[in-house]
Amino acid sequence: MAKQGQSPQALDGLAAAAREAAVRGLPPVHLWNPPFCGDLDIRIGRDGTWFYLGTPIGRPALVRLFSTILKREGDHYFLVTPVEKVGIRVDDAPFTAVEMRIEGERQERVLHFRTNMDDWVRCDADHRLRFEPAADGGLVPYVHVRSGLWAKVTRALYYDVVELGEEGSVAGRAQYGVWSGGVFFAMADAAAVRG
């Protein structure tokens with residue numbers, strides 16, 4: 001892994017560029033393709049905590065700022081500005097969904113998830129739910145936030161999502177899942193859930 005300068009100045013320089021780019025909402029990181037400058041020792045842990053040089057970043061505003069310039073390319077994550085692109089590590093998903101708001105019922109239902117960066121995501125065809133197998137045999141849900149960036153739904157919210165579940169049909173097969181934003185998001189085969 002190529003290393004960029006691992007100094008407070010490198011982090012401050014990146015933060016200054018991000019602040020400048022984020023003046024009007026989310027920066028257009030999808031339009032930026034600056035040269036790769038190496039990796040920075042920043043890691044996002046499975047619980048959404050950001051680390052720099054192995055130490056949690058204790059400045060929530062700085063973490064929030066960095067989250068706005070986060071970009072995913074394939075399985076790799078970068079912090080990008082118009083002139084700089086540095087690689088970082090993400091253990092699982094870069095965000096966690098920590099709160100859920102429910103509007104409507106059944107097929108009219110819309111789920112809204114708040115991420116650990118205080119962004120709200122309306123779960124629908126553009127911001128899908130997906131369920132991955134967990135090591136314990138259960139499922140781990142994720143909600144799409146933007147541009148290939150996903151939020152891992154906390155265990156407590158997962159149970160709330162399961163409580164909203166019902167049977168539906170996907171490609172002619174009975175599935176157990178949940179409706180949101182006019183889309184049925186399948187979790188598991190209905191027969192397996194029925195036992």
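**Entry 1**

I began with Asp 118, which counts as exposed at 54% relative accessibility. The cut-offs I used are these: buried is under 20% relative accessible area, exposed is over 50%, and partly exposed is in between, with a 1.4 Å probe and protein chains only. I then noted the source: this is a predicted model, in which local features need pLDDT of at least 70 and side-chain atom pairs count only at pLDDT 80 or more, while totals for chains, interfaces and linings use all residues. Residues are numbered from 1 along each chain as its sequence is written, and side-chain values use heavy atoms, with hydrogens and water left out.

I found Asp 118 in the loop between β8 and β9 (120–122). Strands here are DSSP runs (E, at least two residues), numbered from the N terminus. Asp 118 is not a glycine, yet its phi is positive, at about 65°.

I looked up Arg 106 next. Its phi is also positive, near 45°, and it is a residue other than glycine. Arg 106 sits in the loop between β7 and β8. Its relative accessible area is 52%, so I wrote it down as exposed.

**Entry 2: salt bridges**

How many salt bridges does a search of the whole structure find? The search gives 15. I counted a salt bridge where a side-chain nitrogen of Lys or Arg is within 4 Å of a carboxyl oxygen of Asp or Glu.

I checked Glu 99 and Arg 114, whose side chains meet in a salt bridge at 2.6 Å, N to O. Glu 99 belongs to strand β7 (residues 95–103) and Arg 114 to strand β8 (residues 110–115), so this pair ties together parts that are 15 residues apart in sequence. Glu 99 is partly exposed at 33% relative accessibility, and Arg 114 is partly exposed at 21%.

I turned to Asp 124 and Arg 122. Their side chains form a salt bridge at 3.0 Å, N to O. Is Asp 124 buried or exposed? At 12% relative accessibility, I have to call Asp 124 buried. Arg 122 has a relative accessible area of 39% and is partly exposed.

I also looked up Arg 173, which forms a salt bridge with Asp 189; the closest N and O atoms are 3.2 Å apart. The pair links distant parts of the chain, as Arg 173 is in strand β14 (residues 173–180) and Asp 189 in strand β15 (residues 183–189), 16 residues apart. I have Arg 173 as exposed at 52% relative accessibility, and Asp 189 as partly exposed at 28%.

I noted one network of salt bridges, which links Arg 46, Asp 92 and Lys 152.

**Entry 3: a sheet of three strands**

I followed β14 and β15 into their sheet. It is an open sheet of three strands in the order β13-β14-β15, and the pairing is antiparallel. Two strands pair if DSSP finds at least two bridges between them.

Which strands stand at the edges? They are β13 (166–170) and β15; each has a single partner strand, so one side of each is left without a neighbour in the sheet. From one strand to the next, the twist averages 55°. For such angles, axes are lines fitted to C-alpha atoms, and the angles run from 0 to 180 degrees between N-to-C directions.

Conventions: Helix = DSSP H or I, 4+ residues; strand = E, 2+ residues; numbered from the N terminus.
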